[in-house]
Amino acid sequence: RMFHDDELEESEKFYVGQPRVLLLIYALYNTLVARSEMVCYFVIILNHMISASMITLVLPILIFLWAMLSVPRPSKRFWMTAIVYTEVAIVIKYFFQFGFFPWNKHVDYTKDKPYHPPNIIGIEKKEGYVHYDLVQLLALFFHRSILKCHGLWDEDEKGDSSSNKEDTDDELSLAGGRRDSSASLKSVNLAASVESIHVHFPEQQTAIRRKSSSSISQLSHRSSFSSHRSKRGKYTFKNFNHTTLSLYFLQCKLCAIKSHCGLCCFRTLQVYVPIRQFFYNLIHPDYSAVTDVYVLMFLADTVDFIIIVFGFWAFGKHSAAADITSSLSEDQVPEAFLVMVLIQFGTMVVDRALYLKKTVMGKVIFQVILVFGIHFWMFFILPGVTERKFSQNTVAQLWYFVKCVYFGLSAYQIRCGYPTRVLGNFLTKSYNYVNLFLFQGFRLVPFLTELRAVMDWVWTDTTLSLSSWICVEDIYAHIFILKCWRESEKRYPQPRGQKKKKVVKYGMGGMIIVLLICIVWFPLLFMSLIKSVAGITNKPLDVSITITLGGYQPIFTMSAQQNQLKSLDPNEFNDFLRSYRGNTAALQFLEGYAREDITRADLEGNSNSLWTISPPSRKKMIQGLLDFDADFTVVKKYEIFDFSFFSRTLEEVYPYYIKAPSDSLAKPIKQLLKDCKWENITVSLVQNGSEEGGREWWVLNQLGKRQKTPQESLELFIFSDKVSPPSLGFLAGYGIMGLYASVVLVIGKFVREFFSGISHSIMFEELPNVDRILKLCTDIFLVRETGELELEEDLYAKLIFLYRSPETMIKWTREKT
């Protein structure tokens, strides 16, 4: 060993000998220390999600537009700003908790109003108003202690002292040390007297490189303005980027001692110049650690898009969380949901364009617009649309948190810069089963592959036409899939002359057989299980009976509702089943119905309407009834059906048992009738008063009722079929034949193309080695990125010739020897 220390050895042994739980706690604490600034960001964003006020809105915006964009880490000024701002916010909230303020007298009435001014500002009176602010302050102080422990809290001053020693030589005095040095333009003491100013502009503009000491080896502070105090008390300003801007700044400073207007301009410039210089250094960095986190940004946007689609009810006016199928079936789209979808999709398209153009300036502008726009929409417009506070909208809070992750990734991408090479799809970097199936799933998403190809063609410099571009993309995708299969064959080789294992045959082949059988018999299985397993009982709400003799005025009309519609109790149901013991047809019919599917309707025998037939029609009907040789029609109309029966009398005219299907007309059940004969009913005419001026109505009574009642009445049993649940109604509504036509035949067409079209693609599928073709496609991407557009045309012509020449394809795809 080059270095050995007994104490360190003993410490290592002591640490290893600790319990696993304690080691886990140590590891978690070390992780917390290493990511203390991320903890601060998380607590600040969480506090804003809970409070959702203007007071807590400032720090999240500063995080995404200042802290996360700082290189290499947020400066001391930011952390001091966050600490002081949090302390001031706590004091302000505490001050406005007193009850003598007018808005604190009706807290229960105004606490849920999103546009109540105290709620918007964040000074409303509530329990636990300062809990999250105290946690935020604790996290900030914890991070401050970590920075101080590692010597990173005062690194700006240390870096300036070292740079002053290098730049001043004999001209600057080092006695002041940290006191006389300054880091940038924003640290200039503007209150000092300005009697004489010495302006120095170097002929050749170069950037200052600060030496890094042992404690600040990673420090890369970029500042374009440096001021130093000479022995004579004069100031020297050096501008290494914008000479004109520095001169204008100094002129404004000279005017500041002459007029108040000049002083205001100087103060404004004092704020503007550091901000402008910060973003200028961000767009034109001295060093660029290129990275590519576009995939993670795309995944964050995709998660947000899914949240909007499945939680769209949270972006509408009403908060009732209905399922997506029932909401879409109503053909109603909330305006806020539409705006959210369009914004989300639009940001994904713009982000793709910026990624392809590799423009950091455009990304910075887009980041600023998006940060301010999203916060304004989520915390000022959406609460008014939904009529509830943001802190009460869980879906919106989840969407905002994922969007904050996107903002953090975008800031990291801006800080590091875009990659100089964008070659192929991110899923095509490795050749294994995971990448293969993910890539094929990516290509199965409707319109995603086409949209990506067109966007890449629009925002990438190329000489290829759109059709040629799509051709190259399709060839590359096909070759990548073949490469994955060839790599899998190398990892799991099949010995020559050895038959396939039963595990492979019964595993793959058996799964395909089961899948095909399920597809063929899916409609029958679905329609059978949808009602027997997941079906919902469909009880009738109203049962109506109308009886008409011939074409005359109806003689009887009656309805049964509510308490007149009764379900059978267990004893009645068992007695009902026992009464058909030995009747095979009846028992077979009853197997499809449970006790809750049978409803007994008790209809009163007296008609609920008077018989208002005219005297001529009355005489004609009497003559027809007295003529025993003539046929007479008795029409009975039930709830949703009607039928005619030819009879001379009212014998065997009452069906007694009715089947009520969910999708067709009701019909009588002949299997439950004795000898398939309908029941008899008695009909009588009741008169109240004289024959000419009295009122008349008909009274019917059923013979052979199960429930013996002394008064005249009718009894009717309704067997209701189960209906499919609302969530699956869109499939069950097609029926068996509809499912076969729309599902099975369509899937069968694709399966048939897979099994019957193999012979036409042998020369493009059975390629032993695709490395040369894959390298050719990659070379096309590479020369396109480097701007060699003429070479791109030549390589594309070579690729097309290769696919047009089978002989050349055979030579190119031979195994390497």
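This is a predicted model: local features need pLDDT of at least 70, side-chain atom pairs count only at pLDDT 80 or more; totals for chains, interfaces and linings use all residues.
## Overall make-up

Let's start with the whole chain. The protein has 817 residues, and 38% of them are buried. Its secondary structure amounts to 30 helices and 14 strands.

Taking contacts between residues at least 6 apart in sequence, 71% link residues at least 24 apart.

## The largest nonpolar core

The largest nonpolar core holds 67 residues. Within this core, the residues that touch the most other members are Phe64, Trp79, Phe315, Met378 and Trp399. If you have the structure open, those five side chains are a handy place to begin.

At least two residues each come from H3 (36–51), H4 (54–67), H5 (76–95), H8 (131–149), H12 (294–310), H14 (335–357), H15 (360–386) and H16 (394–416). Helix H16 gives the most, with eleven residues.

## Helices H3 and H8

Two of the helices that supply the core, H3 and H8, also pack against each other, with axes 9 Å apart and an angle of about 165°. The pair is therefore roughly antiparallel, as angles over 145 degrees count as such. Their crossing is left-handed.

On the H3 side, the contact is made by Ser36, Glu37, Cys40, Val43, Ile44, Leu46, Asn47 and Ile50. Facing them from H8 are Tyr132, Asp133, Val135, Gln136, Ala139, Leu140, Phe142, His143 and Ile146. Sorted by class, this contact has eleven nonpolar, four polar and two charged residues.

Ser36 belongs to helix H3. Its relative accessible area is 4%, so Ser36 is buried, the cut-off being under 20%. Leaving aside residues up to four places away in sequence, Ser36 touches Phe142, His143 and Ile146.

Leu138 sits in helix H8. With a relative accessible area of 61%, Leu138 is exposed, because the cut-off for that class is over 50%. The C-alpha atoms of Leu138 and Cys40 are 9.1 Å apart, while the two residues lie 98 apart in sequence. Val58, for its part, is in helix H4. Val58 has 34% relative accessibility and so counts as partly exposed. From the C-alpha of Val58 to that of His48 is 9.3 Å, and ten residues separate the two along the chain.

## Helices H17 and H19

From H17, the contact draws on Tyr433, Asn435, Leu436, Phe439, Gln440 and Arg443. H19 brings Asp474, Ala477, Phe480, Ile481, Cys484, Trp485 and Ser488. By class, that comes to eight nonpolar, three polar and two charged residues.

Conventions: Residues are numbered from 1 along each chain as its sequence is written. Side-chain values use heavy atoms; hydrogens and water are left out. Contact means heavy atoms within 4.5 Å. Helices (H or I, at least four residues) and strands (E, at least two) are DSSP runs, numbered from the N terminus. Ala, Val, Leu, Ile, Met, Phe, Trp, Tyr, Cys and Pro count as nonpolar, Asp, Glu, Lys and Arg as charged, and the others, Gly among them, as polar. A nonpolar core is a set of buried Ala, Val, Leu, Ile, Met, Phe, Trp, Tyr and Cys residues joined through side-chain atoms within 4.5 Å. Buried means under 20% relative accessible area, exposed over 50%, partly exposed in between (1.4 Å probe, protein chains only). Axes are lines fitted to C-alpha atoms, for helices over the stretch in contact, and angles run from 0 to 180 degrees between N-to-C directions. Angles under 35 degrees count as roughly parallel, over 145 as roughly antiparallel, 65 to 115 as roughly perpendicular and the rest as oblique. A crossing is left-handed if the near helix is turned anticlockwise from the far one by less than a right angle, and right-handed if clockwise.
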